[in-house]
Amino acid sequence: MSARLSVVDEMFLRTHRGWGTPIVMQGLWRTDGRIDEEILESLRVLLSRGPLGRRVIRSRVPGARPRFAPSSETFHVEYATVPAAALLEWADEQAALPVDPERGPGWRLACGRLDGGGTVLSLVCSHVLADARGLTAAIADALQGTPPSAAPRHRGPIDDVWDAALLTRRVTEGTVRAVAGLLIDSDRRTDLRDFVRADSTAPPEVFHRRAASAVVDVDAGAWDVAAEESGGTANSLFLSVVAEIARRDDESAPLTISVPMDLRGRGDSTEAANSVAMVEVAVAPGDTVADVRASSRAAFTSTPMTSPAGFPEEMLQLIPDRLAHALTGNPGERDVLCSNIGPLPDALGVLGGHHTTGIATRAVHPGIVSSRTRMSAYLSRFDGRYTLALESLDVRSHTALRERAENVLSRHELRANGW
């Protein structure tokens, strides 16, 4: 389970150090009965032994990347009685509690006893430790008793010196190739010129406030039929719906949607790591779901957002945080973010003898957020339902955001059941 941090991992780590807006992953898990404390304490212990049970160790060798090392340190499970009508407010409070991927613990589990019966669990972890797919896989592993992967042996300074040497070599060779490419390729020169000019152009609108949240369930069969009848897919309908929710009434310009692309193979779901690249899709007010499907197909077959002109991304791991943040800012920030998490593991269907009645996964920026992304949306599928989780910096209240989502979905003849 010990491994060197990737470029993406370190981008998220910098936000915890004050360079950018911190991001935590949150899974919300509802059941039809009251889960016993013994079950939850057992789950906490199992999670601490799995992919979430680790922290970041910084090397003393210059140029060596930080690494993950096993850590069994955990917070106690927090319990509270939660009015069903205030479920999202409680969830937001849990997401705002501190987690630390370096000093630990980097995750926490909380239990809300719903006043109308049932339980809601909140599992929050630093985005450094896991993305959404890794988070749900970690829970499934704990429930199924999957033994943790053996941590590769770390031989101290010897491994660090070797890692620093390899990384420096990759960056040096990649930089030489990129510079040579600039001399012979006009497209690369244009790419670099556009990257440099981006900082000198008028900045986009930046929001600075707390996000409003909404979570709605939609019948999966109805969603798929609506997508097919409109000439799209479940994913292009997702992007279309979210663009409609995010667009203001008098807005005529296209919205640019940032879309994470999972780089794992479909069978590789056990490792809790950040394994994504970003592409962008522009959605204009008059675009149909079929239009968005075509734009999405083009985006996913194009080069993902990356460093300009062929320069190696790994160079960000060799320079100080301040400079790395100055070069990248908050990468992937566009008008809207849409993350299709996909089907969740079947193992999440029962906990402590009680059946799951809903699961939502989302990324949350704790506290006051400064971002150009007005709305973030997360779609997952479980037990015959699509669950759409929304975070908006442009809509003022949870209720207003939920009603806006319900109205847009109804235009696609889809009925939304709000949490």
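The largest cavity in this structure holds about 100 Å³ of space. Let me start there. The model is predicted, so residues are numbered from 1 along each chain as written, local features need pLDDT of at least 70, side-chain atom pairs count only at pLDDT 80 or more, and totals for chains, interfaces and linings use all residues. Side-chain values use heavy atoms, with hydrogens and water left out.

Cavities, then. Rolling a probe the size of a water molecule over the atoms shows where empty space is left. A cavity here is a set of points, on a 1 Å grid over the protein atoms alone, where a 1.4 Å probe fits but cannot get out. Lining residues have an atom within 4 Å of a point. Grid points are joined across faces, edges and corners, and a volume is the space filled by probe spheres set on the points.

How many cavities of 30 Å³ or more does a search of the whole structure find? Two.

Back to the largest one. It is lined by 14 residues, and the closest to its centre are G27, L28, W29, L123 and I139. Five elements each supply at least two lining residues: strand 1 (24–31), helix 2 (37–48), strand 6 (119–126), helix 4 (132–144) and strand 13 (354–364). Helices (H or I, at least four residues) and strands (E, at least two) are DSSP runs, numbered from the N terminus. By class, this lining has 10 nonpolar, four polar and no charged residues. For the classes, Ala, Val, Leu, Ile, Met, Phe, Trp, Tyr, Cys and Pro count as nonpolar; Asp, Glu, Lys and Arg as charged; the others, Gly among them, as polar.

The second largest cavity has a volume of about 40 Å³. Its lining is L52, G53, R54, R55, S71, E73, G104, P105, G106 and W107. By class that gives three nonpolar, four polar and three charged residues.

The peptide bond from G104 to P105 is cis, with omega near -15°. P105 sits in the loop between helix 3 (87–96) and strand 5 (107–114).

The rule: NZ of Lys or CZ of Arg within 6 Å of the ring centre and within 35 degrees of the ring normal. R30 is a further case, with its charged end over the ring of W419, 5.2 Å from the centre.

Now rings against rings. The structure holds one aromatic pair. The ring centres of W223 and Y386 are 5.3 Å apart and the planes stand at 45°, so the pair is tilted. The cut-offs: rings of Phe, Tyr and Trp (its six-membered ring) pair if their centres lie within 6.5 Å, with planes under 30 degrees apart stacked, over 60 edge-to-face and the rest tilted. W223 is in helix 7 (residues 220–229) and Y386 in strand 16 (residues 385–392), so the pair ties together parts 163 residues apart in sequence. Are these two buried or exposed? W223 is buried at 0% relative accessible area. Y386 is buried too, at 7%. Buried means under 20%, exposed over 50%, partly exposed in between (1.4 Å probe, protein chains only).

Cysteines next. A disulfide is a pair of cysteine sulfur atoms within 2.5 Å. The count comes to zero. C125 is buried, at 0% relative accessible area. C338 is buried as well, at 0%.

Last, some backbone and distance points. D383 has phi near 55°, positive in a residue other than glycine. D383 lies in the loop between strand 15 (375–382) and strand 16, and is exposed at 54%. E413 also has a positive phi, about 60°, and is not a glycine. E413 is in the loop between helix 11 (398–411) and strand 17 (417–418), exposed at 71%.

G353 lies in the loop between strand 12 (350–351) and strand 13, and is exposed at 61%. G353 and I35 are 318 residues apart along the chain, yet their C-alpha atoms are separated by 8.4 Å. Compare E173, in helix 5 (residues 157–184), partly exposed at 37%. E173 and V124 are 49 residues apart in sequence and 39 Å apart in space, C-alpha to C-alpha.

Methods. 1 Å grid on protein atoms, 1.4 Å probe; cavity = no way out; pocket = protein on both sides within 12 Å on 5 of 7 lines; lining within 4 Å.
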